[in-house]
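Here is a report on the ligand shell and on some side-chain and backbone features. Keep the sequence and the model in view as you read.

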Amino acid sequence: MAQSYYQKEIETMPVDELKKLQSEKLVKQVKHVYENVAYYRNLMDEKGVKPEDIKGIEDLYKLPFISKADLRDAYPTGMLAVPMSECVRIHSTSGTTGRRVVAFYTQNDIDLWEDCCARAIVAAGGTKDDICQVGYGYGLFTGGFGLNGGSQKVGCLTLPMSSGNTERQIQFMMDLKSTILCCTPSYAAYLGESLKEQGYTADTIPLKAGIFGAEPWTEEMRKNIEATLGIKAYDIYGLTETSGPGVAFECCEQTGMHINEDHFIAEIIDPDTGEVLPEGEKGELVFTALDKEAFPLLRYRTRDICVLSRKKCSCGRTLIKMAKPMGRTDDMLIIRGVNVFPSQIETVLLKEGYEPNYQIVVDRVNNNDTFDVNVEISPDKFTDMVSEILAMEKTLANAMKIMLGINPSVHLVAPKSIARSEGKAVRVVDKRKLI
Ligand code: DLL
């Protein structure tokens, strides 16, 4: 397929020019952050780094790292680098009220983010003649609004479907003849199965491409989705902290995702020592955002394990590529596209008066994530009345739904019945084999 670009000059810029551009932007951005965000200023002061020490990307290593814990510490506005009156939107990760990460956007931040998503859509073959069905969630989650904005920038007719409501998704897809589908890969697979059940075959489905991300997915899953929907399926990566989807996207070569390097510098570090690793080595992915005004990020540790490669790409883009994330350095799970930390379950249990003896069991059945939480009941809570047990399970499930935004099936089990390995409880059993 001949490649088109959304912003050709940048996407195909010679690498030395790209690095020069990054250097110029970095110097300005560090100054902006140091002057406007007390939290960063303190971190830099503690490390003895001043904005004048950063003369280009070769000095990046001098800056302190930022982690999710820092962003939570600064909740809700401690990382804001512009007056609130300059901001036009927020998005947020799931989590408890006090532990959410809230990202703020100026109009310019939104504009550049939508450009990134537009690049992804054009790389997947999107043009103004396409009909783009956005099945990512709209709301605090970044997926829906991000791809919606990108799609409109490309000039596609945009269908803001949001996630779920499969019947309606199918009806609009068929009646309006959607050509591009944007949603999580697990939902794409689920939609595919539902279409098949309704008697649609790959050649009767109008789609030509899909842009799928927000959770890990395998090559095998890609082939399945491509066969059922009759499309080419492209990967897209991003995180709330970096604005949302579109930090990196796949092109026709599909050997990794091009990182939008005019807006983000990517580094791979050893997660234990923080040492920067050479290109091609596996480690933790770290991003520095070069243009973000409201919610800047310098050397943000994503916790995603990844590899970078600057091998020449047949699509003509010079932007460095990241592999599919190969796991996490923390215990975050992504269930039905939602980020879940075991510690959130623990918080709910303690709040509801239970011991933190639990096990999360995640599986994928008919392309849908199942999410079970087994909780050991303590002897003082024990009852042989089934109705009471069911009521307790329901209360716990509701409390977890409020905390996480997705519904688990809670099962109260006998004390000490959860498997322990060398004395340690096994908190997570993930049977999905996604990586
Ligand atoms: O998932 C943003 C997004 C929306 C990306 C739509 C792509 C499409 P968060 O909810 O903050 O943001 O989750 C970010 O999800 O650190 C990765 O662990 C994981 N992730 C995102 N994209 C991919 C992908 C959005 N393509 C976290 N493959 C990240 C694997 C992904 N994991």
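Strand S7 contributes the most to the shell around the ligand, giving five residues. Helices (H or I, at least four residues) and strands (E, at least two) are DSSP runs, numbered from the N terminus. This is a predicted model: local features need pLDDT of at least 70, side-chain atom pairs count only at pLDDT 80 or more, and totals for chains, interfaces and linings use all residues. Residues are numbered from 1 along each chain as its sequence is written, and side-chain values use heavy atoms, with hydrogens and water left out.

The shell holds 21 residues, of which Ala214, Asp235, Ile236, Thr240 and Asp304 come nearest to the ligand. By type, the shell splits into 11 nonpolar, six polar and four charged residues. Here Ala, Val, Leu, Ile, Met, Phe, Trp, Tyr, Cys and Pro count as nonpolar, Asp, Glu, Lys and Arg as charged, and the others, Gly among them, as polar.

| Residue | Protein atom | Ligand atom | Distance |
|---|---|---|---|
| Glu215 | backbone N or O | nitrogen | 3.3 Å |
| Asp235 | side-chain N or O | nitrogen | 2.8 Å |
| Thr240 | polar side-chain atom | oxygen | 2.6 Å |

On its own, the ligand has 610 Å² of accessible area, and the protein covers 96% of it. Accessible areas come from the Shrake-Rupley method with a 1.4 Å probe. Helix H6 (142-154) and strand S7 (232-239) are the elements that give two or more residues to the shell.

Next, the charges. The structure has 23 salt bridges, each a side-chain nitrogen of Lys or Arg within 4 Å of a carboxyl oxygen of Asp or Glu. In one of them, Asp130 meets Lys208 at 3.0 Å, N to O. Asp130 lies in the loop between helix H5 (107-123) and strand S3 (131-134), and Lys208 in the loop between helix H8 (185-197) and strand S6 (209-213), so the pair ties together parts that are 78 residues apart in sequence.

Two charges sit over rings (NZ of Lys or CZ of Arg within 6 Å of the ring centre and within 35 degrees of the ring normal). Arg301 places its charged end over Phe65, 5.5 Å from the ring centre.

Finally, the backbone. Tyr75 and Pro76 are joined by a cis peptide bond, with omega about -5°. Pro76 is in the loop between helix H4 (68-73) and strand S1 (87-92). Asn165 is not a glycine, yet its phi is positive, about 55°. Asn165 is placed in the loop between strand S4 (157-160) and helix H7 (166-176).

Note on methods. A residue is near a molecule or strand if one of its heavy atoms lies within 4 Å of it. A polar contact is a pair of N or O atoms within 3.5 Å; within protein, one must be able to donate a hydrogen and the other to accept it, and residues adjacent in sequence count only if both atoms are side-chain atoms.
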